Amino acid sequence: MSSSSSSFVHIPVLSQELITGLEVKAGGYYLDATVGGGGHTALILASAPDVRVMALDRDGEAIAHCQTYLPNTVQFWQGNFADYCPLNTQFDGIIADLGVSSPQFDQPQRGFSFQHSAPLDMRMDCRQSLTAGDIINHWAESELANIFYHYGEERLSRRIARRIVDKRPLQTTTELADLIASAVPPKYRYGRIHPATRVFQALRIAVNGELEALEQFLTQAPTWLKTGGRIGIISFHSLEDRLIKHSFRNNEQLKVLTKKPITAQPEEQAQNRRSRSAKLRFAQRI
């Protein structure tokens with residue numbers, strides 16, 4: 001196993017809840033639209049005999065890792081799930097875990113986290129050209145303020161955007177995080193979360209076009225299901241969860257199976273802190 005793939009270890013969240021809700025059946029064909037470290041796919045394969053999976057991911061390192069240990073009943077496709085086209089194929093179930101994989105956060109060079117100094121990157125697919133550095137250093141102040149407010153729900157968006165424009169160019173994650181901290185009042189600076197958290201979320205969403213891709217996926221994915229097939233999606237912030245809830249509810253092809261989202265049990269939250277914000281919703285093709 002290569003060093004890049006061996007470092008791609010990710011603990012899947014809400015795994016038992018996802019498998020239970022998916023109702024995997026023998027001989028079924030399933031789509032994992034965000035394979036990541038392969039944890040959910042492995043559980044699907046183990047749930048019933050003769051199961052096949054089509055696994056998608058934007059991250060080439062994730063696919064390289066999964067190819068080292070998942071069986072040849074798994075097919076792979078690298079790209080944005082919004083761009084996937086199964087042609088005439090239909091699936092018995094579809095899953096998507098919208099969270100950033102742990103290795104993407106934990107590998108400093110990916111630039112997703114400000115815990116380590118790294119280039120402002122944040123690309124899930126390293127083949128694309130747009131990076132967080134491009135946005136920070138070249139977008140207009142009003143554009144920065146808008147993405148911080150709409151994608152990060154950051155109420156001091158204009159103040160932070162103004163400081164960034166005054167001080168750029170900025171090169172690293174820690175340089176940006178420190179600048180954001182210096183731009184906000186002391187009370188805000190020492191709150192429950194780091195003052196750069198919302199801005200980093202907003203940048204990641206903007207770099208990867210996450211919400212636009214999710215909207216397109218939610219429109220297309222129900223048509224990929226067989227009658228009776230189920231779709232389960234795990235989200236990690238309110239912007240995603242609202243999109244999923246309303247899309248499931250307003251799609252005449254779907255029956256909503258979860259009026260309220262499924263959340264992680266206290267035991268899982270204690271073992272995996274990234275599960276604390278996870279929400280799982282299910283719908284069924286009718």
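Modeller: Gly 38 touches Cys 66, Tyr 69 and Leu 70, leaving out residues up to four places away in sequence; contact means heavy atoms within 4.5 Å. This is a predicted model, where local features need pLDDT of at least 70 and side-chain atom pairs pLDDT 80 or more, while totals for chains, interfaces and linings use all residues. Residues are numbered from 1 along each chain as its sequence is written, and side-chain values use heavy atoms, without hydrogens and water.

Biologist: Is Gly 38 buried or exposed?
Modeller: Gly 38 is buried, at a relative accessible area of 0%. Buried means under 20%, exposed over 50% and partly exposed in between, with a 1.4 Å probe and protein chains only.

Biologist: Which residues does UniProt list for "binding site"?
Modeller: The unreviewed UniProt entry lists Gly 38, Gly 39, His 40, Asp 57, Phe 81, Asp 97 and Gln 104. Positions follow the numbering used here, feature names are shortened, and annotations may be inferred rather than shown by experiment.

Biologist: Where does Phe 81 lie?
Modeller: Phe 81 is in the loop between strand 3 (74-78) and strand 4 (91-97). Helices (H or I, at least four residues) and strands (E, at least two) are DSSP runs numbered from the N terminus. Phe 81 is buried at 9% relative accessibility, and its contacts beyond four places in sequence include Leu 56, Phe 217 and Trp 224.

Biologist: How many aromatic pairs does a search of the whole structure find?
Modeller: The search gives 6. Phe 81 and Phe 217 are stacked, because their ring centres are 4.4 Å apart and their planes at 15 degrees. Rings of Phe, Tyr and Trp (its six-membered ring) pair with centres within 6.5 Å; planes under 30 degrees apart are stacked, over 60 edge-to-face, the rest tilted.

Biologist: And what about Tyr 84 and Trp 224?
Modeller: That pair is edge-to-face, with centres 5.6 Å apart and planes at 85 degrees. Trp 77, Phe 81, Tyr 84, Phe 217 and Trp 224 form one aromatic cluster.

Biologist: Switching topic, what's the strand order in the sheet?
Modeller: The open sheet of 7 strands runs 3-2-1-4-5-7-6, with mixed pairing; two strands pair if DSSP finds at least two bridges between them. Strand 3 and strand 6 (254-256) are the edges, each pairing on one side only.
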